[in-house]
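Q: I am new to reading protein models. Can you take me through some features, one at a time?

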Amino acid sequence: MPPATLARLEQYTACDISDALLKLKVPGAGFIADLNPYSTKSGKDADTLTIAPVSTILFAAKGEVLSEPQPNVPKDTHWSDATEPGTFVVMKQPSGQTNAICGGIMALRMKMRDAKGIIVAGRVRDVQELKSTNLPILAHGLSTVGSGGGSVPWAMQVPLDINGVTVSPGDIAFQDPVNGVVIIPKDKVDQVLEMLPNLIAADDKVKQDVLKGMSVYDAFKLHRGT
C-alpha cells in the first residue's frame, strides 16, 4: 500500500469507512461482525489503527472435499510458514466447529513472518500466547482443542465469504481497536478516500445543528439529503 494512501486512511475511523462503503453499496459495508479481541498492541500503540493488505486461508472440515476452490496448500509446508509478509491474515473455519484453527505457535510464526494482525472467522486458543505476540488478533470464539480436532487448511489466497462480506487477497483490512474491523475492497479504496471528506463534513454540520436544537430528521435532510 502506498504510504500516502495509508496516511490518508489513518485520519478516519472504522465507522467512517463503513459509511463510505455503504454509499458504494458494498455488502455489509465491509464490517466483520462479532469479533472478539484476544490480543492487542501494547504500550503507546495500544489504541492505534492497524491497516494492511489482506492475505487469506480457508479451512475445511477434516475428511471433507470442497468442490471449490481447488486445494493449494503445499503438502510439505505448514500454512503458517507461507504467511505473506506485511499482511493482515484472515482465516475462515467451517461453521459449527468447536476446535480452534489458530493457536499460540501459529500466531508466533505469523508474527515472525511479519504479519500485521490476524482475524479468525472461527475459534482460537492459547490466549496468553496470543497476547505475547502484541499483534491485534480477533476471532469469533475460543477453544481448548487444536485444529487437528476437526479442521484442515484447504486453500490460501482465495476469496472468503464471512457472513456475506467478501474478503479477497489484496483488500485492505482496517482494524480500529475502538470500533471494529472493516474490509475495504481493493478496487474501492480510491473511491472511499474521495468520498470521506464530504461525508465527514456533512456529519460535522449535522452535529453542530443538533447542538443548536435542530431535530436529527431536519439536520439529516439538510446536510445528508436523507
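A: Start with a definition: a salt bridge is a side-chain nitrogen of Lys or Arg within 4 Å of a carboxyl oxygen of Asp or Glu. By this rule the count comes to 6 salt bridges. One caution: this is a predicted model, where local features need pLDDT of at least 70, side-chain atom pairs count only at pLDDT 80 or more, and totals for chains, interfaces and linings use all residues. Residues are numbered from 1 along each chain as its sequence is written, and side-chain values use heavy atoms, with hydrogens and water left out.

Q: Why can such side chains pair?
A: Side chains of opposite charge can pair when their charged atoms come close. Here, Arg109 and Asp81 meet in a salt bridge, 2.6 Å from N to O. This pair links distant parts of the chain, 28 residues apart. Arg109 sits in helix H3 (residues 104-112), and Asp81 is in the loop between strand E2 (50-61) and strand E3 (88-92). Helices (H or I, at least four residues) and strands (E, at least two) are DSSP runs, numbered from the N terminus.

Q: How far apart are the closest N and O atoms of Asp45 and Lys44?
A: They are 3.6 Å apart, in a salt bridge. Asp45 is partly exposed at 34%. Lys44 has a relative accessible area of 77%, so Lys44 is exposed.

Q: Where does UniProt place the feature "binding site"?
A: The unreviewed UniProt entry places it at Asp126. UniProt positions use the numbering used here, feature names are shortened, and annotations may be inferred rather than shown by experiment. Asp126 lies in the loop between strand E4 (117-124) and helix H4 (127-132). At 28% relative accessibility, Asp126 counts as partly exposed.

Q: What does Asp126 touch?
A: Contact means heavy atoms within 4.5 Å. Leaving out residues up to four places away in sequence, Asp126 touches Gly103 and Gly104. Its side chain reaches the backbone nitrogen of Gly104 at 2.9 Å. Asp126 also forms a salt bridge with Arg125, at 3.6 Å from N to O. Arg125 is partly exposed, with a relative accessible area of 28%.

Q: Which residues have a positive phi without being glycine?
A: Asp126 is one of them, with a phi of about 60°. Gln157 is another, with phi near 55°. Gln157 is found in the loop between E6 and E7.

Q: Where is there a cis peptide bond?
A: The bond from Glu68 to Pro69 is cis, with omega near -5°. Pro69 is in the loop between E2 and E3.

Q: How many residues does the largest nonpolar core have?
A: A nonpolar core is a set of buried Ala, Val, Leu, Ile, Met, Phe, Trp, Tyr and Cys residues joined through side-chain atoms within 4.5 Å. The largest has 22 residues, and Ile32 and Val167 have the most contacts inside it. E2 gives the most to this core, with 4 residues. Not counting residues up to four places away in sequence, Ile32 touches Ile162, Val165, Val167, Val181 and Ile183. A second, separate core of 20 residues includes Tyr38, Val89, Val120 and Met156.

Definitions and conventions: Buried < 20%, exposed > 50% of the residue type's maximum accessible area, 1.4 Å probe, protein only. Polar contact = N/O pair within 3.5 Å; in protein donor to acceptor, adjacent residues only side chain to side chain.
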